Every structure is written in structure tokens, then in C-alpha cells.
Amino acid sequence: MACLSAIIKWVLPILVALYGVYYWQFIASRRYFTSDVVLDGKTVIVTGANSGIGRVTALDLAKRGARVILACRNLQKAEDVAKDIKSSTGNSEVVVRHLDLSSLQSVREFAQQIIETEDRLDILINNAGVAAAAMKAGAVTKDNFDFVFGTNHFGHFLLTNLLLDLLKKSALKRVVTVSSLAHERAPQPNMTREDPSVANFLYPHLENYPLSKLANVLFARELARREKASGLISTSLHPGAIFTPIWKTIVDHRSPIRGVMYYMFSPLMWMLFIDETAGAQTTLHCALDESVAEFSGKYFDNCAEYEPSTFAQDDELAKELWTVSCEATGLKC
Ligand SMILES: NC(=O)c1ccc[n+]([C@@H]2O[C@H](COP(=O)([O-])OP(=O)(O)OC[C@H]3O[C@@H](n4cnc5c(N)ncnc54)[C@H](OP(=O)(O)O)[C@@H]3O)[C@@H](O)[C@H]2O)c1
Ligand SMILES: *[C@@H]1O[C@H](CO)[C@@H](O)[C@H](O)[C@H]1NC(C)=O
């Protein structure tokens with residue numbers, strides 16, 4: 001009894017006060033993109049728009065009047081989200097197209113369809129991502145890349161390059177690539193290519209989430225450098241620590257109680273992470289804010305420019321990764 005009353009008297013208030021400080025520091029401090037810019041007549045593609053921050057990003061763009069293309073691997077989930085967005089915004093120009101970033105063939109088919117059917121593309125948002133190969137360690141994509149690296153980087157690399165001419169003909173000309181703070185944990189990339197009969201996959205050291213997210217930052221930087229003259233604006237960003245389904249794969253990855261961990265941690269994530277609306281704001285800022293035009297090639301966090309890791313600022317590394325990515329995806333460049 002005495003113990004319980006001590007908890008109520010001392011421990012609880014301390015916990016509440018600590019959480020208050022945390023909330024004020026990390027959650028209440030998140031900035032929101034408040035501009036009322038309108039996108040009538042503009043076309044936007046959002047990859048992975050059926051879930052998490054991609055869904056909120058697509059919703060916001062649809063509210064502003066854009067034609068929004070949800071580029072997703074799961075058509076059923078995407079159609080459900082498209083329906084919700086259409087009914088809540090009154091914008092009928094919300095369409096679903098199939099895109100599986102873990103297959104270069106799928107990326108090519110998607111891009112071909114866009115080029116044939118769309119007369120413009122103003123903004124491309126490379127948002128989709130996997131954090132861990134949910135199924136098994138050492139999983140590979142259809143093209144024999146590490147599953148996470150292949151999906152997050154090579155897929156978006158090819159996609160962006162195939163859509164570049166269409167983007168450059170448009171009014172806004174923006175490419176936004178959603179990276180992560182996790183890129184800071186990446187080692188120096190070793191881009192050696194090996195015979196897949198001896199190595200697990202084609203690029204045996206290009207694997208895992210941090211490296212894929214470093215590749216996202218280097219890609220955005222090199223794209224900006226190459227397209228300086230065309231006026232294309234390319235940025236990358238950390239969206240924040242957000243409570244989305246992506247944590248399901250991270251938390252459950254290799255856990256003996258797969259499928260349960262995520263639900264056990266959910267209340268904690270709900271308290272400590274930002275929500276999906278807050279998580280979409282830096283993407284929207286990079287896609288739409290006028291001031292970003294002066295920051296092409298840069299990395300953002302919380303709606304402001306932010307310094308990425310040392311490797312992420314290495315122009316030689318960015319060029320080398322570009323060359324390797326062309327070889328990997330079969331692009332002539
Ligand atoms: N949540 C965070 O705390 C956090 C932190 C830093 C960075 N990020 C980044 O934010 C981005 C969005 O993630 P989220 O948190 O919103 O997670 P999410 O809800 O899991 O959304 C990820 C989206 O990517 C799609 N996707 C996965 N593999 C794909 C493939 N092969 N082809 C096409 N689409 C694919 C998913 O489709 P399915 O629904 O079919 O799986 C889903 O729509 C990711 O790039 C992630 O790395 C998130
Ligand atoms: C890169 O990996 C290859 C083997 O795949 C190895 O021979 C080489 O030493 C590595 N390079 C560095 C700089 O670690």
C-alpha cells in the first residue's frame with residue numbers, strides 16, 4: 001500500500017514530467033508545411049502511396065488539385081486508398097498504377113505506361129521503402145540485388161531516369177527522395193560486383209537499410225548536379241521517426257515472436273514517434289516550397305536543410321554510385 005502511494009505520489013509525476021519534456025522537444029517541435037499552394041493541372045507520382053507517409057502525401061497533393069498517381073505494388077490496398085482520397089477531397093484525378101520496385105522489369109513497364117498515357121509529370125516522389133526483408137535474411141530482388149537495397153535504391157534510380165525527360169518538360173520539375181537519418185549508420189559503400197554464383201547477390205556489399213538510405217541521399221545529390229542546367233530540383237530527406245507499418249518489418253525481423261512484437265511496442269511508438277501527418281510534412285516542403293529551389297541536391301529534416309553524413313556529401317562517391325547504378329539497372333549513361 002505504502003509502495004503504491006509512493007508510486008502515485010512520486011514516480012508517476014516524474015514520468016509525466018519527463019514525457020512532457022520529450023513531447024515538447026521532439027513532437028511539438030515538428031514543423032508543418034502550411035503554404036496554400038494549388039496544384040491544378042499538375043501531375044504527381046508518389047511511390048508507396050498506399051500506406052504510411054506516402055498515403056498522407058498523396059492525400060495532401062490531391063487536396064491541392066493535382067492529378068495524383070499512386071505507384072504501388074499492392075493494387076487492392078492502393079485502390080482502397082485512392083477511393084478514400086477521392087471521396088475525402090472531391091478530386092477524381094487520383095489513379096493507381098502497378099509498380100514493384102523490387103523488379104526492374106516492373107519499373108520499366110510502369111515508366112513505359114506513364115510515358116504513353118500521361119502528357120506531363122511535374123513532381124516525382126520516391127517514397128516507397130522497405131526496412132528489412134520481412135520474409136528472410138539474405139533475400140534478393142528479381143534482379144539479384146539485396147532486397148532492401150534493390151528496392152529502395154536501384155528501383156527508384158531506374159524509375160527516376162526513365163521518367164526524367166517527361167519531368168524536365170513540366171513546370172515544376174521536382175524529384176523528392178525519402179531517405180532516413182539511418183543513412184548516418186552506413187559504412188563506406190563497397191560497390192564491387194561479383195559473380196552471383198560465388199556471392200549471395202550481384203553487389204555483395206550493397207545491402208541493408210542504412211546503405212540503401214545513404215544511396216538515396218547520394219542519388220538525390222548527383223541527380224541535382226547533373227540536372228543543374230535543366231532546372232530540375234532534386235532533394236532528399238529524413239521524414240522523422242514516424243509510427244507507420246514499416247516498423248512491423250523492423251521490429252519483427254528475425255524475432256522469435258514475429259508478428260507480436262510490433263503490437264507489443266505499438267503503444268510506446270504511438271507515444272514516442274510522430275504521426276503520419278507530421279511525418280509527411282518534410283516531403284511536402286521539398287516538393288512544393290519555393291525556397292527549396294535554391295537547395296537542389298540538399299538533404300532536409302523537419303522542413304529545413306540539414307547536414308547529412310560525411311559519406312553523403314562525397315561527390316566522388318555519388319558519381320561512382322551513379323555509374324554502378326547505371327550498370328546494375330542496364331541504363332546507358
Ligand atoms: N516510419 C519511419 O519512422 C521512417 C523513418 C525514416 C525514413 N522512413 C522512410 O519513409 C518512407 C515511407 O515509409 P513509411 O514509414 O510510410 O512506411 P510504410 O507505411 O511501410 O510505407 C512504405 C510503402 O512502400 C511500399 N513498398 C515497399 N516495397 C515496395 C516495392 N517493392 N514496390 C513498390 N512499393 C513498395 C509499401 O507497399 P506495401 O504496403 O505493399 O508494403 C508502402 O506503400 C520509406 O522510404 C522509409 O524508409 C520512414
Ligand atoms: C570490396 O569487396 C571485395 C570483395 O567483394 C574485396 O576484395 C575488397 O577488398 C573490398 N574493398 C574494400 C575497400 O573493402
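**Reading the two ligand sites**

A: By class, the shell around ligand 2 holds no nonpolar, three polar and one charged residues. Keep in mind that this is a predicted model.

Q: Which residues are around ligand 2?

A: A residue is listed when one of its heavy atoms lies within 4 Å of the ligand. Here the residues are Asn190, Thr192, Glu194 and His205.

Q: How far from an oxygen atom of ligand 2 is an N or O atom in the side chain of Asn190, and what is the distance for Glu194?

A: A polar contact is a pair of N or O atoms within 3.5 Å. For the side chain of Asn190 the distance is 2.4 Å, and for the side chain of Glu194 it is 2.4 Å. His205 also takes part, with a polar side-chain atom 2.9 Å from an oxygen atom of ligand 2. Taken alone, ligand 2 exposes 360 Å², of which the protein buries 34%.

Q: Which residues come nearest to ligand 1?

A: There are 31 residues around ligand 1, and Asn50, Ser51, Arg73, Tyr209 and Thr244 come nearest. By class, this shell divides into 13 nonpolar, 14 polar and four charged residues. Helix 2, helix 6 (209-226) and helix 7 (246-252) each supply at least two residues of it.

Q: Which backbone or side-chain atoms lie by an oxygen atom of ligand 1?

A: Contacts can come from either part of a residue. A backbone N or O atom of Ile53 lies 2.9 Å from an oxygen atom of ligand 1, and one of Ala128 lies 3.4 Å from an oxygen atom of this ligand. Trp247 instead uses a polar side-chain atom, at 3.2 Å. Ligand 1 taken alone exposes 890 Å², and the protein buries 94% of that.

Q: Into which domains is the protein chain divided?

A: The chain is divided into domain 1 (39-239 + 280-329) and domain 2 (242-279). Their centres, taken over C-alpha atoms, are separated by 22 Å. The shell around ligand 1 draws at least three residues from each of these domains.

Q: How many salt bridges are there?

A: Side chains of opposite charge can pair when their charged atoms come close. The count here is 12 salt bridges. One of them joins the side chains of Arg55 and Glu276, at 3.0 Å from N to O. This pair links distant parts of the chain, 221 residues apart: Arg55 is in helix 2 (residues 52-63) and Glu276 in helix 9 (residues 276-279).

Technical notes:
Residues numbered from 1 in each chain as written. Chains lettered and ligands numbered in written order. Predicted model: local features only at pLDDT ≥ 70, side-chain atom pairs only at ≥ 80, totals over all residues. Heavy atoms only, no water. Polar contact = N/O pair within 3.5 Å; in protein donor to acceptor, adjacent residues only side chain to side chain. Areas by Shrake-Rupley, 256 points an atom, 1.4 Å probe, with all protein chains shown as cover. Nonpolar A, V, L, I, M, F, W, Y, C, P; charged D, E, K, R; others polar. Domains from an automatic or database assignment. Salt bridge = Lys/Arg side-chain N within 4 Å of Asp/Glu carboxyl O. Helix = DSSP H or I, 4+ residues; strand = E, 2+ residues; numbered from the N terminus.
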